[in-house]
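Me: Please go through this structure with me, one question at a time. I am new to it.

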Amino acid sequence: MDKLISLAHPLIITKFPVFLKYIAENRRDISPKYYPQILMSGISSLFLTPFVCAENLLCRKAVKSSVVQTPLFVLGHWRCGTTLLYFLLAQDSQFGFIDPLMTFTMNFYHLLGWLFRPTIAKHLHEGRPMDNIKYSMSLPIEEYISFSTLESDSVYPLNFFPKSFIRYNKNAFIDEFPEKKREKWKKNYDYLLRKTTSLNGGRNLLLKSPDNTARIRFLKEMYPDAKFVNIYREPYTVIRSTMHLYDKMMLHWSLEEIPPVETMEDWIIETFKMMYEAYFKEIQALPPNTLFEIKFEDFEKDPLPILKNMYETLELDGFDEALPSIKAYWESLSGYEKNKFDYPERLIKKVNDNLNFYFEHYGYDKR
């Protein structure tokens, strides 16, 4: 962490039993200099517990009666262009999503959301640390951030505990969970989506969590009418940009010493490989009007005709009505400059040696 104590750390708003499990699992690796952050987070989490319980009672009926209908899942590994796609689709008012306030106050939204709004808004104006994309309170955020505050078997905590990177990333592969653990995961994820549906007035949800790329079969079982749009990108940039992502995120949130660069490279490539092996296997069973794939290199040039094709393929209504808003947001990004990276020979060799199946599937050339 760049600060020894941060009032914006996600552990501060994590459910207390989940907080305790995180600490118990990682207690041997937590750096002593971050004990004050742990203490503050624990006190905050414990203080919020009565509000979390009251919120659950307050929302029980609304959540139970909410129906998650035809959710649209944005898929793709971190740094594939999922955020650009997500933000453009969010301009379509037919979709509901998890906004920043919901993300960080989901466990006590109705009771204390107002209290956290100014702090969240201020933090968002600083831009995303990994790419300086500007957020606002009206744009969506990945649901796996909120999910990590109510379910310990999630992926996001690897940003807090990077030495457990592989263990937390394996939470993307719930087909490997014991049945009891898998059912608990599905119950909590469904609760999150039902509550989000309720907060959005029953609108169909637009969702994006990169780890969902590895669990399509289970999402389809849970939501039979779900639709999926996957955005893919050449792997050298994805892996190198993911390195940059975790470097920035762990600088903000890590409570441990960050592993060496070469170790992180190995872990990221292994996760990428496992994710797309699972994805390529599971999409074979999807009906043709259920999945649409987008090549990032084409999408970043002109997304509008691609989105029109996506709506038609997935049999989604409303593109013409949403087009002015989508176009306006796209034009607002004019002048944005992407990060530029160096590519060590070591990294190129690792990508070439491990991801041949991905190159072949999408037709990318190796360096």
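Me: Leaving aside its neighbours within four places in sequence, which residues is Phe-73 in contact with?
Reply: This is a predicted model, in which local features need pLDDT of at least 70 and side-chain atom pairs count only at pLDDT 80 or more, while totals for chains, interfaces and linings use all residues. Residues are numbered from 1 along each chain as its sequence is written, and side-chain values use heavy atoms, with hydrogens and water left out. Contact means heavy atoms within 4.5 Å. On that basis the partners of Phe-73 are Tyr-189, Leu-193, Leu-207, Asn-212, Leu-219, Tyr-223, Ala-226, Lys-227, Phe-228 and Val-229.

Me: How many residues does the largest nonpolar core have?
Reply: A nonpolar core is a set of buried Ala, Val, Leu, Ile, Met, Phe, Trp, Tyr and Cys residues joined through side-chain atoms within 4.5 Å. Buried means under 20% relative accessible area, exposed over 50%, and partly exposed in between, with a 1.4 Å probe and protein chains only. Phe-73, Leu-89, Tyr-189 and Met-310 have the most contacts inside the largest core, and its residue count is 111.

Me: Why is helix H10 described as largely enclosed by the rest of the structure?
Reply: Helices are DSSP runs (H or I, at least four residues), numbered from the N terminus. H10 covers residues 235-253. It is largely enclosed because, of its 19 residues, the number buried is 15.

Me: Is Glu-151 buried or exposed?
Reply: Glu-151 lies in the loop between helix H6 (143-147) and helix H7 (165-169). Its side chain is joined to that of Asn-188 by a polar contact of 2.5 Å. Beyond residues up to four places away in sequence, Glu-151 touches Val-18, Tyr-22, Lys-184, Trp-185 and Asn-188. With a relative accessible area of 1%, Glu-151 is buried.

Me: The charged end of Lys-181 sits over the ring of which residue?
Reply: A charge sits over a ring if NZ of Lys or CZ of Arg is within 6 Å of the ring centre and within 35 degrees of the ring normal. For Lys-181 the distance to the ring centre is 4.5 Å, and the ring belongs to Phe-177.

Technical notes
Helix = DSSP H or I, 4+ residues; strand = E, 2+ residues; numbered from the N terminus. Expected span 1.5 Å × (residues − 1). Polar contact = N/O pair within 3.5 Å; in protein donor to acceptor, adjacent residues only side chain to side chain.
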